[in-house]
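Subject: Structure for your review

Dear colleague,

Please find below the structure that I am handing over to you. My findings follow it.

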Amino acid sequence: MFWVDARDESEFAKGHLEGAILIPETDVDNQIAIPEHMEKIGMSGVNGQKLVVYCATDACGSSELVAKKISDTGFHSEVYVLQGGWKAVLASEREVKIVR
């Protein structure tokens, strides 16, 4: 599974899931940005790996926009949105690795 953080750089810098790549909403209007970001994590096209996008909360909407753009490019076949976003990660009782 791969994680995509759709928040802005300052929020990402304060903490993110280990291994997550940053694709802020502001980058998705650039058609070249998605493939460039995906290549950073070694994803050169459609494969069987799940890709989960998250933003700050359900209300922010960035994760849905980024997930749709990734899907629309055909760059990845299994794209999901993490319900509750970063707020849900912090509130979760599951063990997750957070990088700060």
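Asp72 is exposed, its relative accessible area being 52%. In this predicted model, Asp72 forms a salt bridge with Lys68, and their closest N and O atoms lie 2.8 Å apart. Both residues belong to helix 3 (residues 62-73), where a spacing of four residues separates them by about one helical turn.

The structure holds two salt bridges. The other one joins Asp5 to Arg7, with 2.7 Å between the closest N and O atoms. Here the setting is buried: Asp5 has a relative accessible area of 0%, and Arg7, at 6%, also counts as buried.

Asp5 also has a place in the sheet, where it stands opposite Tyr54 of strand 4. Strand 1 (residues 2-5) and strand 4 (residues 50-54) pair in the parallel sense, over four bridges. They are part of an open sheet of four strands with parallel pairing, in the order 3-1-4-5. Its edges are strand 3 (21-22) and strand 5 (78-81), each of which pairs on one side only.

As to the overall fold, the protein has four helices and six strands, which follow one another from the N terminus as β-α-β-β-α-β-α-β-α-β. Of its 100 residues, 37% are buried. Among contacts with a separation of 6 or more, 65% are between residues 24 or more positions apart. The accessible surface comes to about 5800 Å², and carbon and sulfur atoms account for 50% of that surface.

With kind regards

Note on methods:
Residues are numbered from 1 along each chain as its sequence is written. This is a predicted model: local features need pLDDT of at least 70, side-chain atom pairs count only at pLDDT 80 or more; totals for chains, interfaces and linings use all residues. Side-chain values use heavy atoms; hydrogens and water are left out. Helices (H or I, at least four residues) and strands (E, at least two) are DSSP runs, numbered from the N terminus. Buried means under 20% relative accessible area, exposed over 50%, partly exposed in between (1.4 Å probe, protein chains only). Contact means heavy atoms within 4.5 Å. Accessible areas come from the Shrake-Rupley method with a 1.4 Å probe; for residues, only the protein chains shown count as cover. Two strands pair if DSSP finds at least two bridges between them. A salt bridge is a side-chain nitrogen of Lys or Arg within 4 Å of a carboxyl oxygen of Asp or Glu.
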